[in-house]
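Work through the following exercises with the sequence and the structure open beside you.

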Amino acid sequence: MTSFTIEIDGRPVQARPGDTVLELARGQGIDIPTLCHDPRLEPAGCCRSCLVEIEGQRRLQPACTWKATPGLKVSTRSERIERHRRVLMSLYLADHPVDADGRPPESPDGNALRHLTEGMPLLDLDRIDSPRAGRPDDDNPYIRFDPARCILCARCTRYCDEVEAVNAIALTERGGATTIGTIGMTGLLHTSCELCGGCIDTCPTGALSEKKNADLDLAAAEVTRTTCNFCGVGCQVDLHVLDGRVVRVTSPPPGTTVNDGNLCVKGRFAFDFIHSEDRLTEPLVRGEDGRLHPTTWQDAIEKTAAGLLGVKRRHGPGSLGFISSSRCTGEENYLVQKLARAAFGTNDCHQCAAT
Amino acid sequence: MFGAGAMTNSIPEIRDTDMMFVIGSNTTEAHPIIAMEMKRARRRGAKLVVADPRRIWLAEQADLHLQLRPGTDVWLINAIMHVILAEGLEDREFIARHTEGIDELRAVVERYTPEEAERITGVPAEDIRTTARWYATTRKAGIYYTLGITEHTHGTDNVFSLANLVLLTGHLGVPSAGLNPLRGQNNVQGANDAGASPIYYPGYQRVDDPEARARFEAEWGVPLDPTPGRTLPRMMEAVCDGDIKGLFIMGEDIVLSEPNVGKLEQGLNNAEFIVVQDIFMNETCRFADVVLPAACFAEKDGVFTNSDRRVQRVRKAVDPPGQARPDWEILCDIARAAGYPMPHYQGPAEIYAEMARLSPKFAGISHPRIETEGGLQWPCPEPTHPGTRFLHEGGPIIGRSRFRPAEYRPSREQPDAEYPLVLSTGRTLYHYNAATQTRRESGPVLKQPTNFVEVSPRDARKLGLTDGERVHVCSRRGTVHATVMISRRMRPGCIWMPLHFSEDRANLLTTEAGDSVTGTAEYKVCAARIERITDPAHTEDDGGARAAR
């Protein structure tokens, strides 16, 4: 592919066919504000935040959809662009809830409107408060939609279409009533939704949020990066911990790990088992009465070693079997086979899913 | 097959592929994030061919759905190769440089004509021809498979056949192509890598290779048994036969996951000593003499190795509950109590270092490196090696790769008058294996509270079944309850059931008949029948209450 040069804010920038002005500008560290952009989605050009001046074009044009061509000249900063952004953001805010300080409310993942209007002198517009409908009776356990905070950037519906490809949600109604809807506005459990939660992940304003941890101070959570424990894809996940409990799971940003910002229903939401009341919390040994009784670690370990050694002494090492686990870590599997081979003298060691 | 048991290529390469041949994998449910890459390739215009007895979601999106009869994969793949050879579409240069035994393959597949294949597999001959042409003439064409290929009495034949197809067309050592088994568990790959295998020490070094053994004997300070051990299915047989009398079981619920568990339970009753180490009181604990509480993934450090050979970190985020401890600590204590001087490791990083020291394939991987560089894909023989994105660049690792032509052998158990339906089992999106984790979670439980059986509309009509009705599903080995789900996804004559429900265990029905090489059981094919329940006491039992447990 032949590369060519374009100019952004007076700087020469190498480009290849298909590159967009937004990608190229961001590659140069030039910040262009966006609301409807997500690198996992086709550019939509619908939020109008990223408009820039392109030489030869009468109107401002969206940087996210504008493809580079040889000799293209782009300005990302000008009085005209500033004026456009101020009007645009003022319009967004007129149809968005505001806090006591008159600013858009925070959400666990921030609020792009709040961020983009930081320090911006806004116009004093009348409030619009469009009549977008929500689904207050949606009884799905994970995903909450607050229509007031929705800016109709359609990242959630495009994610549901382009990435997850189940099309459970879509833009419905028209005009000021346009909203994120489902078929017949039923709850997500009754749609093709697979509860992956990608819509929450991509939402820029917190209109979509998690029900599981709605009342918690997620900003105070400590985050640990680890690997998901379900299937073999190896998704990287961030565990958010409050008061010693995992309260939320998110993906690292798109473009950084094997899962590219995505998670499935199990990876994102199925973490309650960690703190289940049913977890085993103490070693148990079967007594004379045939029941399992709590005991000390020392006793349990001694009984384990003695029991296995007893079988070996009576019947030889071929009478022992060691079953390791594809759910446990590599180091633990290493130790099970070392235990079988070095401590008990048998190669009868296998794991549960040797397929 | 070509010298390494793993995905030849990488997950992020899928988005750039030009053709995907997905066989025996319900990717959207079992590997949702890999499926997203497939969907992405599909949007780019990549061709998609899905071979599966069920009209799964991917099949709906596919250019071609080859809805074969369960267990006829070898016929289908041989017929595809027949077409490729008949039309001269094979990669002659690759065959000449990197393979041997093409004449034997030619002799076998010659008899597998597409017309005859149509009769046996139920897949139209023209679709077989189209698949063959697309696959052979697309450079970046990848094969993706999982347990629909391996969980058969002829599972090894299935894998060999797919490997033959890859070699025949030279789809090896090329980005976005290759032969890609998608691993079902977070760390199946890593457990194999670490030597949790009766044949291999860590790093795929054979126990009967004197040189490898000498290396491990020197590091571990004890003489080691030179004879390969028994695979898990053989061990389960030995438990039933009374040859194995002591079991150490870590993190698996064999009573839920092994086939034909009724028989296995008798064997477990007769065993002398059983230890279970797990995070929950599972079904197998009923037979245990000692139960050891372990830490779950969020409570310990270590590594998991994913499907594309990527070694990634597991990091402790929270403390284990009560007295539960990380498995690695418990294992070290047991070894020492049994008189073996297991080193006092500071932590998993040191354990990994010992394994890497003994395994050339991972010698360049370490915890500190993963901290700074992120996941590393083996082979990675040196600390400066960047890891390997796709395998076999410039020819198979083992040098020349031999074609292993396979003849079709029918599945062990065929439907008959008494058990006229073919039952396959598998996993759903919402639950995971024994479901000890997912059935403690509201979403999956709301979506799928109870065991169900998918039945084609035609069979449902024939049996007079209504959607949502509770029935008995019976095989020669047992009977379980299930809710009827009438589904156009099913081929007439075939039914499907998930394996997740401990109160209605699909594995009371499955056969332990195993593959002749791996012993892997035929979870995908057994003969069954559906009986309507006339006793109203049973129909009230919808399992919902138990599911909330």
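This is a predicted model: local features need pLDDT of at least 70, side-chain atom pairs count only at pLDDT 80 or more; totals for chains, interfaces and linings use all residues.

**Exercise 1.** Find out why chain A is described as more spread out than a compact globule.

*Solution.* Begin with the secondary structure of chain A, which consists of eight helices and 16 strands. Next, take the radius of gyration of chain A, which is 28 Å, whereas the globule rule gives 20 Å for 355 residues; because the value for the chain is well over that of the rule, chain A is more spread out than a compact globule. Finally, look at the box that the C-alpha atoms of chain A fill along the principal axes, which is roughly 90 × 55 × 35 Å.

**Exercise 2.** Carry out the comparison with a compact globule for chain B.

*Solution.* Chain B contains 22 helices and 21 strands. For 549 residues a compact globule would have a radius of gyration near 24 Å, and chain B has 24 Å, so the two agree. The C-alpha atoms of chain B fill a box of roughly 70 × 65 × 45 Å along the principal axes, and 63% of its 549 residues count as buried. Turning to contacts with a separation of 6 or more, residues 24 or more positions apart account for 70% of them in chain B, while in chain A residues 24 or more positions apart account for 54%.

**Exercise 3.** Describe the contact between chain B and chain A, starting from the residues that take part.

*Solution.* Second, consider the area, since the size of an interface is often given as the accessible area lost when the parts come together. Between chain B and chain A about 10,400 Å² is buried, and carbon and sulfur atoms give 63% of that area. Third, ask which residues stand out on the side of chain B: B:Ile33, B:Met36 and B:Phe297 supply 6% of the area that chain B buries against chain A, more than any other three residues.

**Exercise 4.** How far apart are the mean positions of the positive and negative charges of chain A?

*Solution.* Chain A has 41 positive and 48 negative charges, and their mean positions are 4 Å apart. For chain B, with 64 positive and 74 negative side chains, the centres of the two sets lie 4 Å apart.

Note on methods. Residues are numbered from 1 along each chain as its sequence is written. Chains are lettered from A and ligands numbered from 1 in the order in which they are written. Side-chain values use heavy atoms; hydrogens and water are left out. Helices (H or I, at least four residues) and strands (E, at least two) are DSSP runs, numbered from the N terminus. The radius of gyration is taken over C-alpha atoms; the globule rule is 2.2 Å times the number of residues to the power 0.38. Contact means heavy atoms within 4.5 Å. Lys and Arg count as positive and Asp and Glu as negative; His and the chain ends are not counted. The place of a charge is taken as NZ of Lys, CZ of Arg, CG of Asp or CD of Glu. Buried area is the accessible area (1.4 Å probe) that two parts lose on being put together, summed over both. Buried means under 20% relative accessible area, exposed over 50%, partly exposed in between (1.4 Å probe, protein chains only).
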